[in-house]
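Let's take a walk through this protein together. Please have a look at the sequence and the 3D view before reading on.

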Amino acid sequence: MDFSAGQPDFHSPEAAKSAGQEAIVENRTRYTATAGIEELRTAIVDRFRNKRELRYETDQVLVSPGAKASLYFACMALLDAGDEVLVPSPYWTSYPEQIRLTGAEPVFVPCSEERGFKLSAESLDRAITPRTKVLLLNYPSNPTGACYDRNELEALGQVCLSRNLWVIADEIYSELLYDDRCFASIASLGPEMSARTVVIDGMSKTFAMTGWRVGYAAGPRELIAAMSKLQSHTTSNATSISQWASVAALSMGDEELLAHRREFERRRQAVVGRLEALPGVRCVRPAGAFYAFPNVSGLFHGSVTSGQDLSCFLLERANVAVVPGEAFGSPDHIRISYACSLEQIDDGMTRIGEALAELAAK
Ligand code: PLP
C-alpha cells in the first residue's frame, strides 16, 4: 500500500486533456513567449482575482515548467551568497536544497505541534538577523496541512514589513482547504505586502496535473522580469501543449474540483480518525493539502528510534510505504498521504495497526 504519494490520484480534467490534444492537432507546438502564452497568464490573473482577491497584470505573472521551477527562479532572483532564508519547520523537502543552490543558507524556525505547526510572529521576529532576506511560507503546508488565518498572517506580515523581509508564499495547496475555511493570501493584506511577496502556485495539485509540468509565480514586475530572464536562459517556456491544457483547466467550472475536495475531506477524516485510535500516536488535524503528519515518537521501542526506522518497519512488516519525517526536518513524525481511495486507507491503516501492535509487544 502506498501512502507516500505527493500527487492526487484523480485523473487530469477532461477539458485539459482535450485542449492538449487540440493544441497538438493544430500544431500549437512551437516555443512560446518565455513567461507563458497571454491566454494562460490572463486566466491566471483572473483566478488570482476571483479566488484570492489578488490583483495582478499579466506582466506580473511567470508560467514555469512546474511550481518547483518558479520557486527556484524566485530563490535565484532574490538571494545572494551569505543571505539567510527563514524556513518554518517542518518544511517541504526541496526548500533547503533550492536555497543552498543559490549560496544562501536556510535557517529553520521550529513550529511546535502544540501551535498546530504554525509560525508565530514572535518566533519569526526572534529568528531574524542582519543577513535575513526572505521568509519562505507554505500554507496549507506539505507535510503538516497547517494553514494560517488572516489574523495570523497580519501578525507575520507586520514583522516582515518592519524588518524588510521578502516573502515567498508557496500557495500550491490553497484550493485544497477543508471545514469550509476560506483561504487568505499574505499578498492580499495590502499593497505594501504584495510589493514584497512572490506567490507561487501551479496546476499540479488543484487540477491533478502533476505530469503536465505547469506552475506559476506572481509578484512585483521587476522580480518577475528577473525570474523570466533566468527561465529564458535555462528552461525556456513551459511546454506549449501543457499551457493550452492549463488554460482550459483554469476556465472550467468548479464542480469537478469541489467533488475532489469533498473526497479528500472524507479521506482526511478517515485517516485522522484511524491515527487517533492508535495508542502512542498523536496527530494534529490537517487544515488542508492531502497529508497527515502524526507524531510517532510514542511508538519508539527497541531498534525503532526514529521516523525513518518506523517507516522501514512499516514497509517490511505491513507492506505500507510512508515518508519518514526526516525528509521534512522532523524525525518524530511520519507523513501519510491520503491521495488514495477510502478502501486503500482502510486496508493500509489496518495493516499499520497490526504491525504497531506487534512492535509494542516486542
Ligand atoms: N510546493 C509544494 C509545497 C509541493 O508539495 C510541491 C509538490 O510536491 C511543489 C511545490 C511543486 O509542485 P510542481 O509539481 O508544480 O512542481
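Predicted model: local features only at pLDDT ≥ 70, side-chain atom pairs only at ≥ 80, totals over all residues.

The side chain of Ser 204 places a polar atom 2.7 Å from a ligand oxygen atom, and an N or O atom in the side chain of Arg 213 lies 2.8 Å from an oxygen atom of the ligand. Taken alone, the ligand exposes 400 Å², and the protein buries 93% of that.

The shell around the ligand holds 14 residues, and those that come nearest are Ala 67, Asp 170, Ser 204, Lys 205 and Arg 213. Sorted by class, this shell has six nonpolar, four polar and four charged residues. Helix H3, residues 67-78, gives the most to the shell, with three residues. As for the space that the ligand takes, it is the second largest pocket.

Arg 52 belongs to helix H2, which covers residues 38-52. Its relative accessible area is 4%, so Arg 52 counts as buried, given that the cut-off for buried is under 20%. The side chain of Arg 52 has polar partners: there is a contact of 3.0 Å with the side chain of Glu 171 and another of 3.4 Å with the side chain of Ser 174.

Phe 313 sits in helix H11, residues 307-318. With a relative accessible area of 6%, Phe 313 is buried. Its C-alpha atom is separated by 41 Å from that of Asp 254, a residue 59 positions away along the chain.

## Backbone details worth a look

The bond from Ser 89 to Pro 90 is cis, with omega near 10°, and Pro 90 is in the loop between strand E2 (84-89) and helix H4 (94-101). Tyr 139 and Pro 140 are also joined by a cis peptide bond, with omega about -15°; Pro 140 is found in the loop between strand E4 (132-138) and helix H6 (150-162).

Asn 27 has phi near 60° and lies in the loop between helix H1 (14-25) and H2. Ala 208 has phi of about 50° and is in the loop between strands E6 (197-202) and E7 (215-218). Are these residues buried or exposed? Asn 27 is exposed, at 55% relative accessibility, whereas Ala 208 is buried, at 8%.

How values were computed. Residues numbered from 1 in each chain as written. Heavy atoms only, no water. Near = heavy atom within 4 Å. Polar contact = N/O pair within 3.5 Å; in protein donor to acceptor, adjacent residues only side chain to side chain. Areas by Shrake-Rupley, 256 points an atom, 1.4 Å probe, with all protein chains shown as cover. 1 Å grid on protein atoms, 1.4 Å probe; cavity = no way out; pocket = protein on both sides within 12 Å on 5 of 7 lines; lining within 4 Å. Sits in = over half its atoms within 2 Å of the grid points. Helix = DSSP H or I, 4+ residues; strand = E, 2+ residues; numbered from the N terminus. Nonpolar A, V, L, I, M, F, W, Y, C, P; charged D, E, K, R; others polar. Buried < 20%, exposed > 50% of the residue type's maximum accessible area, 1.4 Å probe, protein only.
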